[in-house]
Each structure stands twice: as structure tokens, then as C-alpha cells.
Amino acid sequence: MTTSRAAQTAFRCRQCGWASVKWVGRCGECRSWGSVEEALPSTSQRGASRPCPPARPITSVAAEAAVSKPSGVAELDRVLGGGVVPGSVLLLAGEPGVGKSTLLLKVAARAARRGVRALYVSAEESAAQVRRRAERVGALEDRLLLAAETDLGSVLAQVEQADPGLLVVDSVQTVTAPEIAGVPGGVTQVRAVAAALVRVAKARQLPTLLVGHVTKDGALAGPRSLEHLVDVVLAFEGDPASRLRLLRAVKNRFGPVDEIGCFDLTEDGIVEVSDVSGLFVSHHREPIPGTCLTVTVDGRRAMVAEVQSLVDTASAPTARRAVSGLDPARVAMLLAVLQRRAGLRLAGTDVYAATVGGAALRSPAIDLAVALSLASAATGRPVPAKVVAVGEVGLAGELRKVPALPERLAEADRLGFSHALVPAGSGDGRVRAGSLLRVECADLASALSNLRLIPRTARPTTPGEAPALRVLRSQ
């Protein structure tokens, strides 16, 4: 007895992959209109396959097979939590031109240099184009195999023939499965290609790195189920006007998701940046009014960054406010607090505030540094070069504690700073065994007066504050 075409046909949403046995005008999962379309006949009539090998007690399963191995790129290993796990599938997504292919080509070359046979499958460029890039970035290795394929069957045949220890596919959206309906890069195609590559990776214990495209709004292109199929999803970010590239883990089944890796995209390839504090700090021979240093935390990484401000008499009836790298609403709030709580007259002035090196600082923990840079620019008195400021400023002018303060101060101590302005109650006077001294301030006015940016008011000092202040004022 043959089944009817209606019983065999499935309808799927091209946005999220939701399936239905009949056509509907609106997706039942993502609620989008007109996205449900006819897909291939269902294969659910086939009998269930027999499991092989049989299930066994979890205590008898060897855990060594899931131990990560270093990839040869330290910043990538930092984000992954130690390295790449055999049989895992990693998806690297990012904007066009951010350096995804260059990074994975470097990973494949490092693996080949260690004696691992690496297979790089390019579905976007010819073999000659990839070879020229490899020559430019120093990734020419005899054990690095290269294939230019767009057909899924050909990709799997290359894997069967080469038997690699590492597989790179660039990209998953450009590989097609002819037996699957849909256009290349569509929801059905991407899901089928990714599922096939995941099956091969698990069966052969083959680490697989996939390049993924993103949409114009920055979301990963393809079905949402693509992120569920793979083990690790990494986002490669970077400003086109800057060479700095940041690698973040969006999903990681084998490690943390709060680490970041830093890279420098140069003409000779992509270079790891182990110490990023120098990228966000300008170097001056003498202290300049309007600058203040702070320590920000991105993931688990503490980085010293510089905030610069310029305050000048307004040249138009309406004062101008221009902000780059900071939260404009936060800067406007700090200007109001400085005027109301610290007595600085900033009305009728043009204010410009920016970060150095293209850093994006959005955390409230940098409020104190922004306020000090604004006050320094308004008074023309510089903040000492060996001072960092960390703290959140409230509307009443009070300073609030911030998270990860020990890590921030340890980074400042490592870089040779002498003093750190922090909220009151943040700890004792010294940081571990280093030479960094905490200067605890209860409110913004105290911090400004300690740096002589406003006249010191009569107020009780915090216990243990006086010795640090004497050294600070002598600078």
C-alpha cells in the first residue's frame, strides 16, 4: 500500500525550522508570517535502526576521549577552556573580512606543524586563492591538505580519503547537499550539511571547525537549530577601522563562556595579543588634563583603558555633547552629578568624551574615571599618571562598589600603578604583596578633592586613608 503525497510531505519554516504536516500561514514556533514552505518527503516511514554498540554503565565510559588538546593558538585555547576536544564541532561566526578564514587557516597550519594531518575545505575560494593567503600569513605546511569543494558528498569523500586529524570547512553556508531541497545557504540546506558534518565528527572523533556567516544585524545566518547542533559557537568581532579582533564564546559545552581572546589583524596574518592593556592607553611624556585611566573587565580579563575628555566654551547657543566608546546617557548623568554634587559649572560648555584605541566601555565601574576626566578637562588640572580610578557613581554622588575589584587592582599593580581610587569599604590599604595603594573615597566630591580638582571640603576621612593621601598629593 502506497502512502499519499500529502502524508509524505513536510512543511518547514525557513526561519526557525519548525515542521508541520500541512501548510499554515504562520509559523507555530517563531510566529513569522509566510515563512512555512514545502520541504522534502518525510523519511519517518523507515524502521528504527538497532543501536550499536549497546548501552553500558556510565562508570565504564572512559573520560580521556573528551580531554581537550591545545590548538597551538593560545588565545583560542583560552576561550575554549584549554583547547579543542576530539570529536567536537566548533562554529566560528563573524562579519565579512573580520579574519575568520585567516584564524582557522592559522589553526590548521599550527596543527600540521605538530604532525597532525589537517584538511582545509574551501567552499568559497579556489585552492589557488587559499594557497596565496597561506603563503602571505606563513601557513604553508606539507601536512596541511587543501581542497576546494562545494558538494557535501565530495567533502565527505575528501574526509574519507585523507583521514585527517583536523577538519576545517569554510563555510557551512556555501556547502550544498544536492539531495536536499532548497537553495544553498537556506535553512534546510544548512541544517542538513551541519548535521552530516556533526555525524562524521562524532563517528571519527574528528575535531571539526566550521566558518559561519552572519546577517546584517549580526545574528548567525541559517536556522537556530544550527547553534544547537554544534558543540561550541564562537563570535569573532572587530571594528573595521581597528586591527583589534575579539573572540568570544557564545556557547561552549566543554568550558566557560566568559573568556575573551584578543588578536591583532596585520598584513602578515593574525597575531595573538596576550597583553591588551597597552592597546587602550596613550603614552604622554607629561600628564595632560582631561585624561584618566581605569581598569575594565571583559569576561575574566582585566584591561587598563584610558578615558579622554575635552570641555570648552560652547560656540553655539546649544551646548554640544559628543561621545565615542562610552554610553552617552551615562556621560550626561555624570555631567549632571558633577555640576550638582561637586559644584563644577559645566552648563553652556561643549563636552567631548572618548576612549583610546576604539575600546567600548559600557560598564558602570568606569563612572569614576569618566567623571575625573571630565573634571580634569574642566579645571585644567591633570590626574597623576600613576593613578587609576574604579567605581560606580550614583545620582547622590556616592561611590558604589564594583565587581571583580581584586582582579582589577591586581592588573593595575602588575602594570606599575601607584594608587587606585576606589569606593569606601573596598578593603584594606594595600593590594596583596604589591605596592599599589587603595585610596578609598565615600563620594565623588572626596575623589575630586583628593586629586585637587576641587577645593577639599571638611569631611571625616576613611580609616587608613591618610597615609595613602599624603603620598598621592606629593606627586
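Colleague: How are α5 and α6 oriented to each other?
Modeller: In this predicted model, helix α5 (residues 152–162) and helix α6 (residues 187–204) pack at an angle of about 15 degrees. Angles under 35 degrees count as roughly parallel, so α5 and α6 are roughly parallel to each other.

Colleague: And how far apart are their axes?
Modeller: The axes of α5 and α6 are 11 Å apart. As for handedness, α5 passes α6 in a right-handed crossing.

Colleague: Which residues make that contact?
Modeller: On the α5 side you have Leu152, Val155, Leu156, Val159 and Glu160. From α6 come Ala192, Val193, Ala196, Leu197, Val200 and Arg204.

Colleague: Nice. Now the other pair, α3 and α4: at what angle do they cross?
Modeller: Helix α3 (residues 100–113) and helix α4 (residues 127–137) cross at roughly 70 degrees, and their axes come within 11 Å. The range for roughly perpendicular is 65 to 115 degrees, so α3 is roughly perpendicular to α4.

Colleague: Which residues are involved there?
Modeller: Ser101, Thr102 and Leu105 of α3 meet Val130, Arg133, Ala134 and Val137 of α4. By class, the contact of α3 with α4 has four nonpolar residues, two polar ones and one charged.

Colleague: Let's stay on α3. How many of its residues are buried?
Modeller: Twelve of the 14 residues of α3 are buried, so the helix is mostly covered. Among them are Ser101, Thr102 and Leu105, which also take part in the contact with α4. The buried set includes Lys100 and Lys106 as well.

Colleague: What is its span from first C-alpha to last?
Modeller: α3 reaches 20 Å from its first C-alpha to its last, close to the 20 Å expected at 1.5 Å a residue. Just after α3, Gly115 takes a positive phi of about 100 degrees.

Colleague: What about α8, which glycine comes just after it with a positive phi?
Modeller: That is Gly343, with a phi of about 80 degrees. Helix α8 itself covers residues 328–341, and its 14 residues reach 20 Å, close to the 20 Å expected at 1.5 Å a residue.

Colleague: Which of its residues are buried, and what covers them?
Modeller: The buried residues of α8 are Val331, Met333, Leu334, Leu335, Val337 and Leu338. Their cover includes the strands β15 (321–324), β16 (349–355) and β18 (392–393), along with the helices α9 (367–379) and α11 (444–450).

Colleague: OK, so what is the phi of Arg31?
Modeller: Arg31 has a positive phi, near 65 degrees, and is a residue other than glycine. Arg31 sits in the loop between β2 (19–20) and β3 (36–41), and is partly exposed with a relative accessible area of 45%.

Colleague: And Asp163, where does that lie?
Modeller: Asp163 is in the loop between α5 and β7. Its phi is near 50 degrees, again a positive value in a residue other than glycine. Asp163 counts as partly exposed, at 47% relative accessibility.

Colleague: Last one: how many helices and strands does the protein chain have?
Modeller: Twelve helices and 21 strands. Of its 475 residues, 47% count as buried. Among contacts between residues at least 6 apart in sequence, 65% join residues at least 24 apart.

Terms used:
Residues are numbered from 1 along each chain as its sequence is written. This is a predicted model: local features need pLDDT of at least 70, side-chain atom pairs count only at pLDDT 80 or more; totals for chains, interfaces and linings use all residues. Side-chain values use heavy atoms; hydrogens and water are left out. Helices (H or I, at least four residues) and strands (E, at least two) are DSSP runs, numbered from the N terminus. The expected span of a helix is 1.5 Å times one less than its number of residues. Buried means under 20% relative accessible area, exposed over 50%, partly exposed in between (1.4 Å probe, protein chains only). Contact means heavy atoms within 4.5 Å. Axes are lines fitted to C-alpha atoms, for helices over the stretch in contact, and angles run from 0 to 180 degrees between N-to-C directions. Angles under 35 degrees count as roughly parallel, over 145 as roughly antiparallel, 65 to 115 as roughly perpendicular and the rest as oblique. A crossing is left-handed if the near helix is turned anticlockwise from the far one by less than a right angle, and right-handed if clockwise. Ala, Val, Leu, Ile, Met, Phe, Trp, Tyr, Cys and Pro count as nonpolar, Asp, Glu, Lys and Arg as charged, and the others, Gly among them, as polar.
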